[in-house]
Amino acid sequence: MIVLSELKTLLATPQQIVITTHHKPDGDAMGSSLGLYAFLIQKGHHVSVITPTDYPDFLHWMPNNSNVIVYTEAQEQAIQLVNEAKLIFCCDFNTLSRINELGEHIRNASGLKLMIDHHLDPEDFDDYRHWNINACAAAQLVYDFIVNELKEPELINKDVATCLYTGIMTDSGSFRFPSATSTVYRIGADLIDLGAEHWRIHQLVYDNASENRLRFLGHCLSNKLEILREFNTAIITATAEELQTYNIATGDTEGIVNYALSINGIKLAAFIIERPDRVKLSLRSTGDFPANEICKKYFNGGGHRNAAGGVSDKSLID
C-alpha cells in the first residue's frame, strides 16, 4: 500500500491514468468516475474512463461522457490503456469480479490501483484505499478525496460538481435514504453552489424514460407483481421473452424494484430478471432487514443492508 503523501507526489506531475467502474454502471458509478475525470484533467493528467459494459442512455448527458470507452466495444484500446496506466482508479466497486474480464487485465497491470468505494468486504487488490461503508455514494468519497485528502476544493468546477451531485443523488434515493446524513446534504448544497443544477440533473435522470420502459413497468405492476403478506414481501419477475417483447435496453429495469417496496407493509422487495446466461436478482429492504446478507449467502452477491443484488444459475421457472 502507498501512503497519501506518495499519491500526492504522483499527482503533482502529469500521469497516464485510467478510471474504471462496475459492470452495468449506474448513476453513482458514472458520476464518481466522470467527476474524478473532470478533476484530474484540470491537473494536466492524461485520463481515460473505461466501463466494463454499456450503461443507461439517461446518463449519457453527463459532462465528458463522449470520452468514455466501453470495454466490450473497444477491447484492444481499453487493454492498451490499462497496461500503459501509471494509476488506475477503481470507483464504486471493491472486487475485480465486478468488472468482468476487464478485472484480470487490471489485476495484472503494473500501474498502482486506487480504490474509492463504499461497499462491504473489499478484495485486497488495491495499493491505495479511500473506503467508507457509511458513505452514501462513491461520489461522496470522491468529493471527500478531493476536498479533504488532496486539499484541492478549488478544482471542483461545474463539471465535477454536476457529476458528483448526480452520483450522490442517485445512490441516496434523491436524498431520502438513511445514508443521506446532514453531512451529505451539506455536500449537496456545496455542489449546487459550485454549479450543479440540481433541478436539471433530477429531470435528466428521472424524467427521461423511454416509452418501452413505461409500458414494461405497467406490465410488471399489473401482471407480474406477487405479494406474500405473511412474509411482508413483494416479488416482481421478468422473463427473457418479456424483456425482448418490450425491447428493454440497459437501464430500463432500474428502479422497478422500488415500486414493490413502496407497498404498505412490505419490508422486502425482489425484482428477478431472466438474462441469457443467468438470473439476476435485485433486493431492497427497509429497517434492519439485511438484503445484503441474503444476496451474499444464497446468490453470490452482496451490496448494502437495504439495497443488494445477486445472481443464480437456476431457471426462473424453477
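**Entry 1: the model**

I am working with a predicted model, and I kept that in mind throughout.

**Entry 2: H2 against H5**

I began with helix H2 (residues 27–42) and helix H5 (residues 138–149). Their axes lie 8 Å apart, and the packing angle is about 20°. Angles under 35 degrees count as roughly parallel, and H2 and H5 are therefore roughly parallel to each other. I noted the crossing of H2 and H5 as right-handed.

Which residues of H2 meet H5? On the H2 side I found Asp28, Ser32, Leu36 and Phe39. Their partners in H5 are Ala138, Ala139, Val142, Phe145 and Ile146. Sorted by class, the contact of H2 with H5 comes to 7 nonpolar, 1 polar and 1 charged residues.

**Entry 3: H6 against H7**

Next I looked up helix H6 (residues 158–171) and helix H7 (residues 182–193). H6 and H7 pack at about 150°, with 9 Å between their axes. Since angles over 145 degrees count as roughly antiparallel, H6 is roughly antiparallel to H7. The crossing of H6 and H7 is left-handed.

From H6, the residues in this contact are Ala161, Leu164, Tyr165 and Ile168. From H7 they are Val184, Ile187, Gly188, Leu191 and Ile192.

**Entry 4: H6 against H8**

I stayed with H6 and turned to helix H8 (residues 198–206). Here the angle is about 60° and the axes are 10 Å apart, which makes H6 oblique to H8. The crossing of H6 and H8 is right-handed.

H6 contributes Thr162, Tyr165, Thr166, Met169 and Thr170 to the contact. H8 answers with His198, Ile201, His202, Val205 and Tyr206. The class count for the contact of H6 with H8 is 5 nonpolar, 5 polar and no charged residues.

I put a mark beside Tyr165: this H6 residue is listed in the contact with H7 and also in the contact with H8. Tyr165 came up again when I followed the rings, where ring pairs link Tyr165, Phe175 and Tyr185 into a cluster.

**Entry 5: aromatic pairs**

How many aromatic pairs does a search of the whole structure find? I got 5 aromatic pairs. One of them is Phe93 with Phe125, a stacked pair with 6.4 Å from centre to centre and 5° between the planes.

What does this pair tie together? Phe93 lies in the loop between strand E4 (87–91) and helix H4 (102–108). Phe125 lies in the loop between strand E5 (112–117) and strand E6 (128–131). The pair therefore ties together parts that are 32 residues apart in sequence.

**Entry 6: Ala308**

My last stop was Ala308, which I found in strand E12 (residues 307–312). Is Ala308 buried or exposed? Its relative accessible area is 6%. Buried means under 20%, so Ala308 is buried.

I then listed what Ala308 touches, leaving aside its neighbours within four places in sequence. Ala308 is in contact with Leu281, Ser282, Leu283, Arg284, Ala291, Asn292, Cys295, Gly302 and Gly303. For one distance across the model, I took Ala308 to Arg186: they are 122 residues apart in sequence and 26 Å apart in space, C-alpha to C-alpha.

Definitions and conventions: Residues numbered from 1 in each chain as written. Predicted model: local features only at pLDDT ≥ 70, side-chain atom pairs only at ≥ 80, totals over all residues. Heavy atoms only, no water. Helix = DSSP H or I, 4+ residues; strand = E, 2+ residues; numbered from the N terminus. Buried < 20%, exposed > 50% of the residue type's maximum accessible area, 1.4 Å probe, protein only. Contact = heavy atoms within 4.5 Å. Axes fitted to C-alpha atoms, helices over the stretch in contact; angles between N-to-C directions. Parallel < 35°, antiparallel > 145°, perpendicular 65-115°, else oblique. Left-handed = near helix turned anticlockwise from the far one by under 90°. Nonpolar A, V, L, I, M, F, W, Y, C, P; charged D, E, K, R; others polar. Phe/Tyr/Trp six-rings, centres within 6.5 Å; stacked < 30°, edge-to-face > 60°.
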